[in-house]
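I opened my notebook to go through one protein model, entry by entry. Here is what I looked up.

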Amino acid sequence: MDQDSVKSTLSNLAFGNVMAAAARDYQKEVLAQEKAQSSSSVNQDIDLDELMDDPELEKLHADRIAALKKEAEKRQALKRQGHGEYREISGGDFLGEVTGSEKVICHFYHQEFYRCKIMDKHLKSLAPKHVDTKFLKLDAENAPFFVTKLGIKTLPCVILFRLVPPHLFSLLGTLLRTALFFSPVIYPCLGGSLPPKVGIRNGIASDRLVGFQDLGGKDYFSTKTLEGLLLKKGIIKENKAEEDDDDSYADRNRSVRSSINPDSDSD
């Protein structure tokens, strides 16, 4: 064998050894990575198992489920009482309806009045969103007794009823009598009388919206505007789960336009 042949053979052997060593190193690196990933996965599984077995988390989960169940049962009970929809009632049903729920909105209307139709549209839109409050409507012509007793002079008139617990109502009565006795000193700005828009009748604290005077005095207001006013008066609760589309009245209520004079809003 000549010298060149020997050199070539030695060179090939050296190159083979280098490649073999590189292959072994690569294999070791791959095995190390697989082992690390396997270890991480095992640790993650262990951590998740520990979390699933955490008694505090289990209690939080159980409490959340119980709260959701209770809320669902409450909503169903309210719907059985007529909540969640805008309903028309008769004069004979009035007392039972307004004293049967904690919060009630009742629209006294006239079927020929243009502004009453506007109020109808907005209240009908709000009723399904605010199940905690009962939404009603009553034809004023068919309930003259309650129209007189409630001092309704202008339509539409939306009266807000809030049931007062008996012990609080008794306390309110005492405070009211005391306030009226000392009214020239305590309430000189009222002349010894209560604000005309607020009253307490038969255990029901009431407020009212007369015409559109609290809504800018114009026909073109959004449902969101009315909702904000009712929220401010505390007769409904803020509902973040649902968003009102806040369309303008012109887009939502064109269908209710009629030949009735828009100014015919008093009875």
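**Entry 1: the whole chain**

I began with burial: of the 267 residues of the protein, 31% count as buried. Buried means under 20% relative accessible area, exposed means over 50%, and partly exposed is in between (1.4 Å probe, protein chains only). I noted that this is a predicted model, where local features need pLDDT of at least 70, side-chain atom pairs count only at pLDDT 80 or more, and totals for chains, interfaces and linings use all residues. Residues are numbered from 1 along each chain as its sequence is written, and side-chain values use heavy atoms, leaving out hydrogens and water.

Next I looked up the secondary structure, which comes to nine helices and six strands. Helices (H or I, at least four residues) and strands (E, at least two) are DSSP runs, numbered from the N terminus. I then turned to contacts, meaning heavy atoms within 4.5 Å. Among contacts between residues at least 6 apart in sequence, 77% join residues at least 24 apart.

I checked helix 2 (residues 55-80) with its 26 residues. Its first and last C-alpha are 37 Å apart, close to the 38 Å expected at 1.5 Å a residue. The expected span is 1.5 Å times one less than the number of residues. Just after helix 2, I found G82 with a positive phi of about 100 degrees.

Helix 4 (residues 114-126) has 13 residues and should span 18 Å; its end C-alpha atoms are 19 Å apart, which agrees. Its buried residues include C116, D120 and L123.

**Entry 2: strand 1**

Where is Y86? I found Y86 in strand 1. At 16% relative accessibility, Y86 counts as buried. I looked for its polar contacts, which are pairs of N or O atoms within 3.5 Å; within protein, one must be able to donate a hydrogen and the other to accept it, and residues adjacent in sequence count only if both atoms are side-chain atoms. The side chain of Y86 has a polar contact of 3.0 Å with the side chain of H107. Another, of 2.5 Å, joins the side chains of Y86 and D120.

R87 is also found in strand 1 (residues 86-89). R87 counts as buried at 17% relative accessibility. Its side chain makes a polar contact of 3.0 Å with the side chain of E97.

**Entry 3: rings**

How many aromatic pairs does a search of the whole structure find? I noted five. Rings of Phe, Tyr and Trp (its six-membered ring) pair if their centres lie within 6.5 Å; planes under 30 degrees apart count as stacked, over 60 as edge-to-face and the rest as tilted. F94 and F146 form a tilted pair, 4.5 Å centre to centre with 45 degrees between the planes. F94 lies in helix 3 (residues 94-99) and F146 in helix 5 (residues 144-149), so the pair ties together parts 52 residues apart in sequence. Both F94 and F146 are buried.

The ring centres of F212 and F221 are 5.0 Å apart and the planes are at 80 degrees, so this pair is edge-to-face. F212 counts as buried at 1% relative accessibility, and F221 is buried at 4%.

**Entry 4: a cis bond**

I ended with the peptide bond from L155 to P156, which is cis, with omega near 0 degrees. P156 lies in the loop between helix 5 and strand 4 (157-163).
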